[in-house]
Amino acid sequence: MSAERMNKQVIRTTARVTLTAAIAAVLGGCFVTKVDPQKPEMPLPDALPTLTSPTAQPAAATPLPNPWWTLFGDARLNELIVEALKHNPDAQIAAARVMEARSFLRITNADRLPTVNLEGDVTRSKQSEASLAQQGFGDIPGFQTHQTLYTVQGTVAYELDLWGKYQRASESARAQLLESEYGREATKLSLTGEVTRVYFSLIAAAEQLARGRDTLKSREEAQDLEKLRFDSGESDEFTFKRAEADAAATRVSTRQLELQVVQLTNALGVLLGRSPKALVDEAITVQGVSLPAPVQLPAALPSSVMEQRPDIGAAEAALNASAADIGVARAQLFPSISITGALGSVSPELDDLFTGPAKAWSATGGILQPIFQGGRLRANVSRAEALREQRKAEYARTVQQAFREVLDTLQGQSLIAGVREANDQQVAALSRATELAELRYAQGDIAYLELLDVRRGLYQAQIDLVAAQRDALLNTVDLALAVGGGLGDQAEPLTARR
């Protein structure tokens, strides 16, 4: 066969293969059916209700900025959050998961394309002289018992996606990528909230510790004074021991606050991703830093803001991926049709390898229909459908939990403000009562135990007031996260949505 005629046959065969693939692609569009993820209906109210404390004064609401943590106007907090987003291991793990999912999508998409390979080999062989003699070739002059064969060929293999197996696998991989991207943003958002909570808690603990140390100093002075009075016979041992016990109780409270400050300092350092050495050598301090003023977010937040939450987006993406996996499992019940072609050269002489007589080609079409696999394929479909049911329930649970968080924090906003206002009034009243009690005690009008009760009540009220201010800020943090507060320029695009 001449080289020209062989080339024509290769062209005709290639054209038939290409035409078959094109027809298969067209038919594939007819056979492929998209599986409905059956997203649960989760009706939401048009506006979110709030509770108003009867004693709290109405406060002006501040719109939620983007990024959300700039709501507090704290430059130190802004720096800490940026550091955490850059160095925190959880944020780095979430970013690496996105890279993994993106690579998996590329791998899955590659299954939809033909594979092309270039093969080459050299074979050296020696035929049996006895066998050749038996076949009558042993006496032929110049007959070579040693032979070298050179082969170079390119191969193309392609499986027709008639039933949408690879198309659905690609859709599933893309949905998984979107889920991981939402997960990355959810991790970053959660991290910003945790850094803010620990930061405010540390400041509050430091303020309480400062109050505790001041109180301890006054308690020890009172103890020393009562000791002098007891030694001089102006007071009894009972009164002295009560003063001593009061100083000891304040000392216990102060030591507990010191421990809390240490633990919160270390926790904040870990959130920032600092090394163990840095946790010791570069311990975070909030000396001279006060809690910012409480912030009131708008009361009538529309329910649609929950659509901005990345955890809800991730749950929906997981549901879509499970639906696409059902399509993959169903497609495996149908026959797989593949086309394989090879074109190359085979020659016993290296110099003749790329000449016309050395050219060789082949084209193969195959079909594989599963007949019996012990029910594995249908069980795989049932498994995929069961996973979709799980993802549906998880999506519904995520929405319910998100709505609960919004309700809790939004309704708690006014109630916590009422608690804080009551604490203010309590501290003011007890401060005046302490002044009066100390005056009356100095005049001998009341016993020391009465003075002690008032002092103890004032100290606890002061500690509670700082806690109420902290709780109001923490509730604002939770509310900002609950409604899907933005990350600003720290947010990354959701590439899988393109």
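These legends go with close-up views of a predicted model.

The model is predicted, so to speak of local features we need pLDDT of at least 70, side-chain atom pairs count only at pLDDT 80 or more, and totals for chains, interfaces and linings use all residues. Residues are numbered from 1 along each chain as its sequence is written, and side-chain values use heavy atoms, with hydrogens and water left out.

**View 1. The chain and its elements.** The protein chain has 10 helices and four strands, taken as DSSP runs (H or I, at least four residues, for helices; E, at least two, for strands) numbered from the N terminus. Of its 498 residues, 39% are buried, meaning under 20% relative accessible area with a 1.4 Å probe, protein chains only.

**View 2. The largest cavity.** A cavity here is a set of points on a 1 Å grid over the protein atoms alone where a 1.4 Å probe fits but cannot get out, and lining residues have an atom within 4 Å of a point. This one has a volume of about 60 Å³, that is, the space filled by probe spheres set on the points, which are joined across faces, edges and corners. Its lining includes Pro294, Gln413, Arg420 and Asn475. Helix α9 gives the most, with four residues, while α9 (376-442) and α10 (448-482) each supply at least two.

**View 3. The second largest cavity.** Here the volume is about 30 Å³. Among the lining residues are Thr265, Arg274, Leu279 and Glu282. Helix α6 (residues 237-271) gives the most, with three residues.

Methods: Buried means under 20% relative accessible area, exposed over 50%, partly exposed in between (1.4 Å probe, protein chains only). On a 1 Å grid over the protein atoms alone, a cavity is a set of points where a 1.4 Å probe fits but cannot get out, and a pocket is an open set with protein on both sides within 12 Å along at least five of seven lines; lining residues have an atom within 4 Å of a point.
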